[in-house]
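Have the structure open beside you as you read.

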Amino acid sequence: MSKTIAILAPGAMGSAVARRLSENGARVLTSLKGRSEATLKRAADSGMVGADDDAIAEADIILSIVPPGEAVALAERLAALIVRHAKKPVVVDCNAVNVDTVLRIEEIIGSAQAPFVDGGIIGFPPQPGGKSPAFYMSGEHAKDVAVLKDLGLDVRIVAGPVGAASALKMSYAGIVKGLAGIGSAMVVAATKAGAADALRDELALSQPAILARLEVALPDMIPKAYRWVAEMHEIAGFLGPDHPASQIYEGFAKWFEHLAGDAKGEAVDAALLKAFAASIAKKKP
């Protein structure tokens, strides 16, 4: 099967998805203009081919996989490219954005007369020999990207219009990353108050599943915290400004922003989270 897929951009998820697609026979394009040496190497290792704007606009499918704060700007850039071409690619927004944002992106892409699919990725970047994360797709053109399933991706169609897949992503991330936010905040507070060991032991007795999750989630979240800030704002927007719980996610945005800065600076709170996770492993029988 021969398909040309463009992926913007070649970050951790984008490059891993590119590797999976190229392993299954797709030609994968990306934009490498102005990118760092590390990004150039990651793209090459993933089988991605650097291409100019015209080649990207003429791909069969374009996957937008960027931090949520960059999703609208990328859509505007893509629309400006696509509008000049008679052949229109199917554009899939795979970013962690709320329903209002994805509807705005649909309007931008629609202004270039290109078909649009709302996508949401749940899971980790695919590893060689491992499974693909779930790519949830919604909207009237979702069936047009079913070929991605034949190219190695776990594509799942969500019944509903554009916005349905993003609503699922927001809800899922709100639960999973919300739990990470609650857990990390309470671990730091307990540790500073001298109750870390007591908290760990009580969780081991009464909430072992939560403790097991914290052992993995706490060290895992620290290098990702900077990416979660915009996502928390999107989840707050998904709930809406009048929803009482929206402020919880605005608070998480501030907390993750603090952790991201802390990891680069004094690393006090980041170190406390890592120490708590390590203590869980040490206490295992």
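Contact here means heavy atoms within 4.5 Å. On that basis, 13 residues of domain 1 are in contact with 13 residues of domain 2. The chain is divided into domain 1 (4-160) and domain 2 (167-282), with bounds that come from an automatic or database domain assignment. Their C-alpha centres lie 29 Å apart.

A word on the ground rules: this is a predicted model, in which local features need pLDDT of at least 70, side-chain atom pairs count only at pLDDT 80 or more, and totals for chains, interfaces and linings use all residues. Residues are numbered from 1 along each chain as its sequence is written, and side-chain values use heavy atoms, with hydrogens and water left out.

**The sheet**

Helices (H or I, at least four residues) and strands (E, at least two) are DSSP runs numbered from the N terminus, and two strands pair if DSSP finds at least two bridges between them. Strand 1 (residues 4-8) and strand 2 (residues 27-30) run parallel and are joined by three bridges; A6 stands opposite L29 in strand 2.

On a 1 Å grid over the protein atoms alone, a cavity is a set of points where a 1.4 Å probe fits but cannot get out, while a pocket is an open set with protein on both sides within 12 Å along at least five of seven lines; lining residues have an atom within 4 Å of a point. Grid points are joined across faces, edges and corners, and a volume is the space filled by probe spheres set on the points.

| Space | Volume | Lining by class |
|---|---|---|
| Largest pocket | about 1300 Å³ | 26 nonpolar, five polar, 11 charged residues |
| Largest cavity | about 40 Å³ | eight nonpolar, one polar, one charged residues |

In these classes, Ala, Val, Leu, Ile, Met, Phe, Trp, Tyr, Cys and Pro count as nonpolar, Asp, Glu, Lys and Arg as charged, and the others, Gly among them, as polar.

For the largest cavity, helix 4 gives the largest share of the lining, four residues.
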